[in-house]
Amino acid sequence: MGLGSTTASASLLKVTDLPLANLPIINLAPVLHISTQTDRTAALAAAGDQVRSACLDTGFFMVQGHGINATLFADVFEAAGRFFDLPSAEKAAFAKDMTNGVNTGYFGVGEENLDPQNQPKGDFKEGYDFNRHLGPEDPNHVGDSLPMKKVLLEYFERATQLGNTLLSVFEHALGIPVDTLSPFFAEPMTMLRCLRYHPSVPPISLSQLGCGAHTDYGAFAILAQDAPGLQLFDHKRDSWLRVPHIPNTLIVNLGDILSRWTNGSFVSTVHRVLNVTDYHEEQENRSRPGKVRHSLVFFYEPAVNTVVDVLDPWVGSKGKQFPPIRFGDHLDNMYRQSYLATKP
Ligand SMILES: O=C(O)CCC(=O)C(=O)O
Ligand SMILES: [Fe+2]
C-alpha cells in the first residue's frame with residue numbers, strides 16, 4: 001500500500017468506464033523518429049505538455065508509436081501463457097525466495113498481497129518477476145532453464161529504451177533541465193513482471209481481488225495487457241475507472257517516486273485488477289467471470305541509493321510535504337508489507 005490509497009481501497013463502489021475524454025493517448029513517434037535536435041526538443045516538449053496535464057489529473061496515460069513491435073507483445077504473451085500452463089511443481093522450481101534479498105522468480109496465487117489491509121487472502125494472481133542479468137550471480141537463479149527467458153530479455157531491453165525516452169518526456173513535463181533525472185537511472189532497479197489473472201467469479205469480495213488496490217513504488221510503470229481488467233482510482237471524481245484494452249497500446253501510470261519529486265502534485269495512481277466483465281455493483285449477478293488475463297508490467301525505477309527529495313520547482317508555498325527517502329528503503333518497506341502480510 002502506498003501513498004493515499006486508504007480511502008480508495010475501502011470500497012468497490014462507483015465503477016465506471018474511463019471516459020475517452022479523460023484518456024490521453026500520447027503518440028511517441030515524433031519523439032522517436034525525428035533526427036534533428038531542434039525538432040526532437042520540440043516533440044519532447046509537446047509530449048511533455050500532454051504528460052504533465054495527465055499527471056496532474058489521473059496520473060495515467062496511454063502511449064502509441066512507442067517502437068515496440070506487435071509481434072514482440074504476441075511472443076511474450078504466448079511464452080508467458082506457456083509458462084503459467086506448466087504444472088505447479090514445475091513452476092515451483094522457479095520460485096522466488098525473498099529471504100535471499102533477490103526479488104526475482106515465480107510466485108503463486110495469494111502469495112503477493114498488494115492491499116494487506118483489506119485482503120486477508122492475498123491477490124488472486126500468479127506471476128514471475130524478472131530482472132536483467134546483473135552479474136555472474138544471475139538473480140534469476142535459473143540460468144537458461146527459464147523457458148521464457150530469451151523473449152523476456154528482449155522485451156526488457158525494448159521497455160528500458162522506451163522508459164529512457166519517457167524519462168526525457170517527464171523531464172519536460174516537470175519543467176526541469178534535460179538529464180536532471182537520468183543519472184539516477186544509470187544502474188536502475190527496473191523490473192519486468194508477467195502476471196496471469198484467473199477469472200474472478202461473482203459475487204466479488206474485497207477480500208481477494210485479482211490484485212488489491214495499491215500504488216506502485218518506483219517512478220512509473222509501463223503496462224501491456226491482453227484483456228481488460230485494470231481499474232484506476234480517480235481521486236478527483238471519487239470513482240473507480242475501468243481502463244480499456246486497446247491492442248498494442250501501452251498504459252503508463254505513475255509511482256510513488258514521481259509523486260514525491262513533485263511534492264504530491266503528480267498522482268501516484270491507486271489501481272487494482274478485477275477480472276470480471278460487466279461488473280455492476282447493484283446487480284452483481286450481471287457480472288460474469290472474465291477470461292484468463294495476462295499483463296506485463298515494466299517498473300521503471302531509479303538506483304537503490306537514489307535519495308528522493310522534492311524537486312526545487314515543485315516545493316511551492318506549502319513547503320516540502322515529504323522528507324527525503326532512500327529509494328531502496330522505500331522499496332524494502334513496501335515489499336515487506338506486500339509479501340509478509342499473507343505469510344502465517
Ligand atoms: O496487471 C495489471 O494490470 C496491474 C498489475 C499491477 O498493478 C502491479 O503488479 O503493480
Ligand atoms: Fe501496480
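Student: Which ground rules apply here?
Tutor: This is a predicted model, where local features need pLDDT of at least 70, side-chain atom pairs count only at pLDDT 80 or more, and totals for chains, interfaces and linings use all residues. Residues are numbered from 1 along each chain as its sequence is written, chains are lettered from A and ligands numbered from 1 in the order in which they are written, and side-chain values use heavy atoms, with hydrogens and water left out.

Student: How many salt bridges does the structure hold?
Tutor: Side chains of opposite charge can pair when their charged atoms come close. A salt bridge here is a side-chain nitrogen of Lys or Arg within 4 Å of a carboxyl oxygen of Asp or Glu. By that rule, the number of salt bridges in the structure is 10.

Student: Which residue forms a salt bridge with Arg-196?
Tutor: The closest N and O atoms of the pair are 3.0 Å apart, and the partner is Asp-85. Arg-196 lies in strand S6 (residues 191-197) and Asp-85 in helix H4 (residues 70-85), so the bridge ties together parts that are 111 residues apart in sequence. Helices (H or I, at least four residues) and strands (E, at least two) are DSSP runs, numbered from the N terminus. The residue asked for is Asp-85.

Student: Is Arg-196 buried or exposed?
Tutor: Buried means under 20% relative accessible area, exposed over 50%, and partly exposed in between (1.4 Å probe, protein chains only). Asp-85 has 56% and is exposed. Arg-196 has a relative accessible area of 10%, so Arg-196 is buried.

Student: Which residue forms a salt bridge with Asp-129?
Tutor: The closest N and O atoms are 2.5 Å apart in the pair of Asp-129 and Lys-96. Asp-129 sits in strand S5 (residues 125-130) and Lys-96 in the loop between helix H5 (88-92) and strand S4 (105-107), so parts 33 residues apart in sequence are tied together. Both Asp-129 and Lys-96 are buried. The partner is Lys-96.

Student: Which residues are linked with Lys-96 in a network of salt bridges?
Tutor: The network includes the pair of Asp-129 and Lys-96. Besides Lys-96, its members are Glu-112, Asp-123, Lys-125, Asp-129 and Arg-193.

Student: Which residues coordinate the iron ion (ligand 2)?
Tutor: Donors are N, O and S atoms within 2.8 Å of the metal (3.2 Å for Na, K and Ca); water is not among the atoms, so sites may look incomplete. Along the chain, the donors follow the spacing H-x1-D-x54-H. His-214 and Asp-216 are buried. At 2.1 Å, the coordinating residues are His-214 (NE2), Asp-216 (OD) and His-271 (NE2).

Student: How many residues of strand S11 are buried?
Tutor: Strand S11 covers residues 250-254 and is mostly covered. Leu-250, Val-252 and Leu-254 point one way, Ile-251 and Asn-253 the other way, and all are buried.

Student: Which residue in S11 is the bridge partner of Leu-223?
Tutor: Two strands pair if DSSP finds at least two bridges between them. Four bridges join strand S8 (residues 220-225) to S11, running antiparallel. Strand S3 (residues 60-64) also runs antiparallel to S11, with four bridges, and Met-62 stands opposite Ile-251. The bridge partner of Leu-223 is likewise Ile-251.

Student: What volume does the largest cavity have?
Tutor: On a 1 Å grid over the protein atoms alone, a cavity is a set of points where a 1.4 Å probe fits but cannot get out, and lining residues have an atom within 4 Å of a point. Grid points are joined across faces, edges and corners, and a volume is the space filled by probe spheres set on the points. The count comes to one cavity of 30 Å³ or more. The volume is about 240 Å³.

Student: How many nonpolar residues are in the lining of the largest cavity?
Tutor: The lining has 28 residues, with Leu-114, Arg-193, His-214, Asp-216 and Phe-299 nearest the centre. Ala, Val, Leu, Ile, Met, Phe, Trp, Tyr, Cys and Pro count as nonpolar, Asp, Glu, Lys and Arg as charged, and the others, Gly among them, as polar. Seven are polar and seven charged; the nonpolar count is 14.

Student: Where does Asn-248 lie?
Tutor: Phi of Asn-248 is near 60°, a positive value in a residue other than glycine. At 41% relative accessibility, Asn-248 is partly exposed. Its place is the loop between strand S10 (239-242) and S11.

Conventions. 1 Å grid on protein atoms, 1.4 Å probe; cavity = no way out; pocket = protein on both sides within 12 Å on 5 of 7 lines; lining within 4 Å.
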